[in-house]
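The sequence and structure are shown first.

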Amino acid sequence: IFQWQVDPGSGYVNVVNDGIYAGATTDSLHLTSAPTSWYGNKYRCQITDSYGTISSEEFVLRFSLTWDGSEGPAWEDPMNWGCSIIPDAYTDVYVNTGSPNYPEVNVSTSCRSLKLKAGVLVLVKTGNVLTLTGNN
């Protein structure tokens, strides 16, 4: 018997199949369109057989996006990001290239963390703020 569990920071509870979760009682849990505010949730599978119950290793949910800059320099343009999604306060951001464009922050925004490849720049335009919300 398989039972997936989630720990959102207050202890493990059983997962049930719904619009986000599928496979709650199988060997593979699938998440669809989970909110980024779930960053850091821990998951494990409880496996029960005639010998008892054991827990799988823990899996930690993380969200990340990589800059591609294909549409221009605007940070706030979703077409410049993997999956066409703009990073938010729960997203780890990777800027591995400035080609064809370095990112320019034209509106105040947040991301969880920002990792830049050596020599890559991010320009925060005057009057705007880029806030890093993570602890790493």
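## Parallel sheet

Strands β9 and β12 pair in the parallel sense over four bridges. Strands here are DSSP runs of type E with at least two residues, and helices are H or I runs of at least four, each numbered from the N terminus; two strands pair if DSSP finds at least two bridges between them. Within this pairing, Y94 has K115 of β12 as its bridge partner. On another strand pair, β8 and β9 run parallel and are joined by three bridges. There, L65 is the bridge partner of V93 in β9, and T66 stands opposite Y94 in β9.

Together these strands form an open sheet of three, in the order β8-β9-β12, with parallel pairing. Because β8 (64-66) and β12 stand at the edges with a single partner strand each, one side of each has no neighbour in the sheet. On average, neighbouring strands of the sheet are turned by 15° against each other, direction ignored. The axes behind such angles are lines fitted to C-alpha atoms, for helices over the stretch in contact, and angles run from 0 to 180 degrees between N-to-C directions.

## Basis of the model

The model is predicted: local features need pLDDT of at least 70 and side-chain atom pairs count only at pLDDT 80 or more, whereas totals for chains, interfaces and linings use all residues. Residues are numbered from 1 along each chain as its sequence is written, and side-chain values use heavy atoms, with hydrogens and water left out.

## Salt bridges

Side chains of opposite charge can pair when their charged atoms come close. A search of the whole structure finds two salt bridges, the term requiring a side-chain nitrogen of Lys or Arg within 4 Å of a carboxyl oxygen of Asp or Glu. One of them joins the side chains of D92 and R112, at 3.5 Å from N to O. R112 counts as buried because its relative accessibility is 15%. The side chain of R112 also makes a polar contact with the side chain of Y39, at 3.3 Å. Such a contact is a pair of N or O atoms within 3.5 Å; within protein, one must be able to donate a hydrogen and the other to accept it, and residues adjacent in sequence count only if both atoms are side-chain atoms.

The salt bridge between E104 and K125 has its closest N and O atoms 3.7 Å apart. This pair links distant parts of the chain, with E104 in strand β10 (residues 104-105) and K125 in the loop between β13 (123-124) and β14 (130-132), 21 residues apart. E104 is partly exposed, at 22% relative accessible area, and K125 is likewise partly exposed, at 33%.

## Cysteines

The structure holds zero disulfides, a disulfide being a pair of cysteine sulfur atoms within 2.5 Å. For C111, the closest cysteine sulfur is that of C83, at 16 Å, and therefore too far for a bond. C111 is buried, with a relative accessible area of 0%. C45 also counts as buried, at 3% relative accessibility.

Five aromatic pairs are found in a search of the whole structure. Rings of Phe, Tyr and Trp (its six-membered ring) pair if their centres lie within 6.5 Å; planes under 30 degrees apart count as stacked, over 60 as edge-to-face and the rest as tilted. Among the pairs, Y21 and W38 are stacked, at 5.6 Å centre to centre with 20° between the planes. This pair links distant parts of the chain: Y21 is in strand β3 (residues 21-22) and W38 in the loop between β4 (30-31) and β5 (42-49), 17 residues apart. Y21 is buried, at 8% relative accessible area, while W38 is partly exposed, at 22%.

Y21 also pairs edge-to-face with Y43, at 6.1 Å centre to centre and 65° between the planes. Here Y21 in β3 is linked to Y43 in strand β5, 22 residues apart, and both residues are buried.

Key: Buried < 20%, exposed > 50% of the residue type's maximum accessible area, 1.4 Å probe, protein only.
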